[in-house]
Each structure stands twice: as C-alpha cells, then as structure tokens.
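Please have the sequence and the coordinates open side by side while you read. The paragraphs below go from the strands to the helices and then to the residues packed between them.

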Amino acid sequence: MSSIFRRVAAVCAISLFLLLKGFAADAAYYLIGADGYVAVLESESGKVYLTEIPMDRLPDADVQQLERGIACFDKTELAAALENFDS
C-alpha cells in the first residue's frame, strides 16, 4: 500500500472517529494526533491537515490531550496552540 494511500485512509478514519465522538460543534478547529504527527481538524469541512510536528517529541501529557482533541475556537487560538507544541 502506498504511503499516500495510508495517509488518506488514516485521515479518513480519524475524521470519522472524531465525528462519532461528538466534539463540540462550536469550536472551529481541533488539534489531534494523526499518523504520528500533530494535525488540525477543521470542524466545518471535516478536513484534516497534518503538521510537521512529530508526536514522539511531545510529553505524554500533550499526547494524551491530542488523543482527546484540543478545541480551538479561532485561528489565533489555533496558532498559539500549534506554536506551543512546536517550541
């Protein structure tokens, strides 16, 4: 199976999981873990964007938060959260 296909399959599975999990509809974005990286789930479209931040560099507490999903209500909050994980 190609790497691109695996990533697309992982992103689709994660999107479905998050939708079924019932995240709050009022958050614009969620930070999640996907394919070993921090990812951004856009609530309105359901699209998932992988970052270049590897989860294996993060403390266990951060990984646990990402597994639950971190709500970000606007782009400013999203940027601050991403900066926190990338520092």
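This is a predicted model: local features need pLDDT of at least 70, side-chain atom pairs count only at pLDDT 80 or more; totals for chains, interfaces and linings use all residues.

Two strands are said to pair here if DSSP finds at least two bridges between them, and this rule decides which residues can be described as standing opposite each other. Strand 1, residues 29–34, and strand 2, residues 37–42, meet the rule through six bridges in the antiparallel sense. Within this pairing L31 is set opposite V40 of strand 2, while the bridge partner of Y30 in strand 2 is L41. The two strands make a hairpin with two residues between them, and D35 in that turn has a positive phi of about 55°.

Strand 2 also pairs with strand 3, residues 48–54, again in the antiparallel sense but over four bridges, and here L41 stands opposite V48. This second hairpin has five residues between its strands, with G46 in the turn taking a positive phi of about 80°.

Which residues of helix 2 are buried? They are D62, V63 and L66, and because they cover an arc of only 100° around the axis, they are on the same side of helix 2. The elements covering them include strand 1, strand 2, strand 4 and helix 3, while the face turned away from this buried side carries the exposed residues D60 and E67. Just after helix 2, G69 takes a positive phi of about 95°.

Helix 3 has twelve residues and reaches 16 Å from its first C-alpha to its last, which is close to the 16 Å expected at 1.5 Å a residue. Its buried residues are L78, A81, L82 and F85; seen down the axis they fall within an arc of 100°, so they line one face of the helix. An α-helix has 3.6 residues a turn, so residues three or four places apart point the same way. The cover over the buried residues of helix 3 includes strand 1, strand 2, strand 3, helix 2 and strand 4, and on the other side of this helix T76, E83 and N84 are exposed.

The packing can now be followed from the side chains. The largest nonpolar core has 15 residues, and those with the most contacts inside it are L31, V38, L58, L66, L78, L82 and F85. Two or more residues each are given to this core by strand 1, strand 2, helix 2, strand 4 and helix 3, and helix 3 supplies the largest share, four residues. Apart from this core lies another, of seven residues, among them A27, Y30, I32 and L41. Returning to V38, its contacts beyond four places away in sequence include L31, Y49, L50, L58, L66 and L82.

Note on methods: Residues are numbered from 1 along each chain as its sequence is written. Side-chain values use heavy atoms; hydrogens and water are left out. A nonpolar core is a set of buried Ala, Val, Leu, Ile, Met, Phe, Trp, Tyr and Cys residues joined through side-chain atoms within 4.5 Å. Buried means under 20% relative accessible area, exposed over 50%, partly exposed in between (1.4 Å probe, protein chains only). Contact means heavy atoms within 4.5 Å. The arc is that of the directions from the helix axis to the C-beta atoms. The expected span of a helix is 1.5 Å times one less than its number of residues.
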